[in-house]
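User: I am new to this structure and would like to learn how to read its features one at a time. Could you give me the general idea first and then the case at hand?

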Amino acid sequence: MTRWGLIGASTIAKEWVIGAIRAAGGEVVSLYSTNAERGEKYAQENGIARSVTSLDALLADPEIDAVYISTTNELHRDQLIAAAKAGKHILCEKPLALTLDDAKAMLEAVREAGVVAATNHHLRNAASHRAMRDAIAKGRIGKVLGARVFHAVYLPPHLQGWRLERVDAGGGVILDITVHDADTLRFVLGENPVEAVAFSQQGGLSGEGLEDGVMGVLRFPSGAIAQFHDGFTTKYAQTGFEVHGSEGSLIARDVMTQRPVGSVILRDQDGEYELPLDQHNLYEKTLRAFHDAIAGKGQPSATLEDGIWSLATGLAVLEAAKSGKATPINPGI
């Protein structure tokens with residue numbers, strides 16, 4: 001059994017990851033929060049045996065095999081490097097860091113320590129995206145020409161806070177949502193984006209210096225291009241993902257979500273039909289793959305290298321929106 005420590009008393013851990021750890025055969029044994037009262041209450045509410053207010057104390061705990069980092073983004077680098085040096089396996093939230101240099105330093109620390117590390121890009125574990133990836137790989141839509149991702153949602157009040165207020169913490173919709181689009185596109189299309197253009201928006205939620213909406217296009221080496229629309233402000237939008245090829249199209253709806261839902265239709269010269277989907281909890285699949293990787297069987301669903309690619313894409317989108325120019329995507333790994 002893999003025994004976990006939580007770095008951060010977060011909403012995503014409470015709503016999704018603690019349950020997934022347990023469902024995948026792991027145990028959450030400790031929690032680190034800088035606020036003692038919050039940490040103790042969180043631990044009690046979530047059935048965690050103890051909470052500590054020192055990262056060093058958590059990392060020195062011999063009962064902990066792995067840590068899940070879900071603090072604000074500017075804290076990830078130092079916490080991950082410390083965990084690697086302590087010999088803990090690491091699942092880290094996205095974006096990994098706020099700069100590529102920081103993310104590459106994290107990767108170097110993990111390689112030196114020889115621990116398993118992963119980025120929590122849950123969407124590549126959606127049954128819909130795996131079915132689309134398989135259909136494309138089998139040539140069922142011919143040559144991929146273009147894609148569209150609709151990932152504009154409404155950020156509920158209990159999640160707003162720093163995402164809309166803190167530039168220093170990497171707030172804004174691009175580093176929160178566009179990085180997921182980038183990873184999903186990489187996973188489904190099987191290639192890495194090389195260039196981005198974008199326009200960002202302040203649609204009424206975000207504070208000064210932060211965007212709450214963005215539209216843009218990514219270009220891929222094959223010549224394929226992919227549109228994306230991400231937002232925190234659209235209460236009634238539907239999420240979706242389309243991939244259009246020379247011989248057919250894949251039309252997915254309600255798939256850019258944490259929940260195991262949605263549908264995929266394949267449309268070609270013979271008509272259209274719905275692909276069968278083996279729906280499952282996305283985070284449980286992440287944790288099962290992570291536990292297997294610790295045991296020497298395969299690798300995590302999304303590696304740190306995957307996290308660096310999505311960060312590089314997000315940073316390029318930020319720069320393209322700021323400069324108004326096409327911006328190359330180069331993770332440097």
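Analyst: Let us begin with buried area, which is the accessible area, taken with a 1.4 Å probe, that two parts lose on being put together, summed over both. The model is predicted, so local features need pLDDT of at least 70 and side-chain atom pairs count only at pLDDT 80 or more, whereas totals for chains, interfaces and linings use all residues. Residues are numbered from 1 along each chain as its sequence is written, and side-chain values use heavy atoms, with hydrogens and water left out.

User: Which domains does the assignment give, and what area is buried between domain 1 and domain 2?

Analyst: Domain bounds come from an automatic or database domain assignment, and here that assignment gives domain 1 (2-122) and domain 2 (124-283 + 311-328). The C-alpha centres of the two domains lie 26 Å apart. With contact meaning heavy atoms within 4.5 Å, 19 residues from domain 1 and 24 residues from domain 2 take part. The area buried between domain 1 and domain 2 is about 1900 Å², and carbon and sulfur atoms give 64% of it. On the side of domain 1, Trp-16, His-121 and His-122 lose the most area to domain 2, together 40% of what that side buries.

User: Which helix supplies the largest share of the side of domain 1 that touches domain 2, and how is that side made up by class?

Analyst: Helices (H or I, at least four residues) and strands (E, at least two) are DSSP runs, numbered from the N terminus. On the domain 1 side, α1 (11-23) and α5 each supply at least two residues, and α1 gives the largest share, six residues. For the classes, Ala, Val, Leu, Ile, Met, Phe, Trp, Tyr, Cys and Pro count as nonpolar, Asp, Glu, Lys and Arg as charged, and the others, Gly among them, as polar. By that scheme the side of domain 1 that touches domain 2 has nine nonpolar, seven polar and three charged residues.

User: How many salt bridges does a search of the whole structure find, and what is the count between domain 1 and domain 2?

Analyst: A salt bridge is a side-chain nitrogen of Lys or Arg within 4 Å of a carboxyl oxygen of Asp or Glu. A search of the whole structure finds 17 of them, and the count between domain 1 and domain 2 is one. One network of salt bridges links Arg-124, Asp-183, Arg-186 and Asp-306.

User: Where do Asp-176 and Lys-94 lie in the chain?

Analyst: Asp-176 forms a salt bridge with Lys-94, the closest N and O atoms being 3.3 Å apart. Asp-176 lies in helix α8 (residues 173-189) and Lys-94 in the loop between β5 (89-92) and α5 (100-113), so that the pair links parts of the chain 82 residues apart. Asp-176 is buried, with a relative accessible area of 13%, and Lys-94 is buried too, at 9%. The peptide bond from Lys-94 to Pro-95 is cis, with omega near -15 degrees.

User: Which residues of helix α6 are buried, and what do they pack against?

Analyst: An α-helix has 3.6 residues a turn, so residues three or four places apart point the same way. In helix α6 (residues 127-137), the buried residues are Ala-127, Ser-128, His-129, Ala-131, Met-132, Ala-135 and Ile-136. These pack against β7 (144-152), α8, β11 (240-245), β12 (249-253) and β13 (263-268). After α6 comes Gly-139, whose phi is positive, near 80 degrees.

User: Where does a residue other than glycine have a positive phi?

Analyst: Asp-254 is such a residue, with phi near 60 degrees. Asp-254 is found in the loop between β12 and β13, and at 36% relative accessibility Asp-254 counts as partly exposed.

Note on methods: Buried means under 20% relative accessible area, exposed over 50%, partly exposed in between (1.4 Å probe, protein chains only).
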